[in-house]
Amino acid sequence: MVRELRITPIRNGTVIDHITNGLALDVLRIIGVRDLDKDSTVSIALHVRSGKIGWKDIVKVENMELSPRKVNAIALITPSATISIIRDHQVREKRSVDLPEHVTGVVRCPNINCISNQGEPIESDFRVVRRRPVVLRCTYCDRQVTDFLKHLA
Ligand SMILES: Nc1ncnc2c1ncn2[C@@H]1O[C@H](COP(=O)(O)OP(=O)(O)OP(=O)(O)O)[C@@H](O)[C@H]1O
Ligand SMILES: [Mg+2]
Ligand SMILES: [Zn+2]
């Protein structure tokens, strides 16, 4: 079977595949593409046909590996995503994003009176109380959050 090549291969970097259809730009925001070296190519494919999930988006970033915090943020908005590390043109590691029990420093608490919003050296912390769809609850004030995109730290 001939595999369709949607995006130029990269030598070193990260592939975020199986992103929920239409969410690639939010993934880019999480990655923070503005911080990347200007000589690192970022490729984006929107609305690609996928056997597994119907339609999907893909993001490929050269010369970058994701921090655990960014992986958690991606897991929040698109738990279907897989992350592959490419080294010397080969897939060296491939894994599904995985949401931990607690999400720390990723989402801001929407409650302005929450202790995590008072300029204290306290990182936001949410317990994952439901997974699909994801529901978070603030460890400090119990506020529930479902619209993560609006509240990404
Ligand atoms: N050199 C490369 N440059 C850019 N992307 C690559 C490269 N090699 C693999 N990929 C991408 O990395 C991901 C994982 O590669 P792999 O070959 O394991 O995927 P696959 O066979 O399509 O499996 P699956 O879709 O189940 O993850 C895919 O999205 C693939 O397109
Ligand atoms: Mg594939
Ligand atoms: Zn709170």
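These are my notebook entries on a predicted model of one protein chain and the ligands placed with it.

**Entry 1: overall layout**

I started with the secondary structure. The protein chain has two helices and nine strands. I then read the elements from the N terminus on, and they run β-α-β-β-α-β-β-β-β-β-β. For the dimensions I took the C-alpha trace, which spans about 55 × 35 × 25 Å along its principal axes.

**Entry 2: ligand 1**

I sorted the shell by residue class.

The side chain of Asp 17 has an N or O atom 2.6 Å from an oxygen atom of ligand 1. Lys 94 places a polar side-chain atom 2.7 Å from an oxygen atom of ligand 1. How much of the accessible area of ligand 1 does the protein cover? On its own, ligand 1 has 610 Å² of accessible area, and the protein covers 72% of this.

I made one backbone note here. His 89 sits in the loop between strand 4 and strand 5. His 89 is not a glycine, yet its phi is positive, at about 70 degrees.

**Entry 3: the zinc ion**

I moved on to ligand 3, a zinc ion. Which atoms coordinate it? I found the SG atoms of Cys 109, Cys 114, Cys 138 and Cys 141, at 2.3 to 2.4 Å.

Why is the arrangement tetrahedral? The four donor atoms subtend angles of 99 to 116 degrees around the zinc ion, so the arrangement counts as tetrahedral.

Along the chain, the donors follow the spacing C-x4-C-x23-C-x2-C. Cys 109 is in the loop between strand 6 and strand 7, while Cys 141 is in the loop between strand 8 (135-138) and strand 9. This pair is 32 residues apart and links distant parts of the chain.

Four strands form an open sheet in the order 6-7-8-9, with antiparallel pairing. Strand 6 (102-104) and strand 9 (144-145) are the edge strands, and each pairs on one side only. As a reminder to myself, strands of a sheet pair through backbone hydrogen bonds.

I went through the pairs one at a time.

- Strand 6 and strand 7 (residues 125-130) run antiparallel and are joined by three bridges. Thr 104 has Asp 125 as its bridge partner, and Val 103 has Phe 126.
- Strand 7 and strand 8 pair in the antiparallel sense over four bridges. Phe 126 has Cys 138 as its bridge partner in strand 8. Val 128 stands opposite Leu 136.
- Strand 8 and strand 9 are antiparallel too, over two bridges. Leu 136 has Val 145 as its bridge partner in strand 9.

Phe 126 has bridge partners in Val 103 and Cys 138. Cys 138 also gives its SG atom to the zinc ion.

**Entry 4: the turns**

Last, I checked the connections in that sheet. The hairpin of strand 7 and strand 8 has four residues between the strands. In this hairpin Arg 132 takes a positive phi near 75 degrees. Is the peptide bond between Arg 132 and Pro 133 cis or trans? I found it cis, with omega about -5 degrees. Pro 133 lies in the loop between strand 7 and strand 8.

Strand 8 and strand 9 form a hairpin with five residues between them. Asp 142 lies in that loop. Asp 142 is not a glycine, but its phi is positive, at about 75 degrees.

Methods. Residues are numbered from 1 along each chain as its sequence is written. Chains are lettered from A and ligands numbered from 1 in the order in which they are written. This is a predicted model: local features need pLDDT of at least 70, side-chain atom pairs count only at pLDDT 80 or more; totals for chains, interfaces and linings use all residues. Side-chain values use heavy atoms; hydrogens and water are left out. A polar contact is a pair of N or O atoms within 3.5 Å; within protein, one must be able to donate a hydrogen and the other to accept it, and residues adjacent in sequence count only if both atoms are side-chain atoms. Accessible areas come from the Shrake-Rupley method with a 1.4 Å probe; for residues, only the protein chains shown count as cover. Two strands pair if DSSP finds at least two bridges between them. Donors are N, O and S atoms within 2.8 Å of the metal (3.2 Å for Na, K and Ca); water is not among the atoms, so sites may look incomplete. Four donors count as tetrahedral if all angles lie between 85 and 135 degrees; four count as square planar and six as octahedral if opposite donors are over 155 degrees apart and all others between 65 and 115; anything else is irregular.
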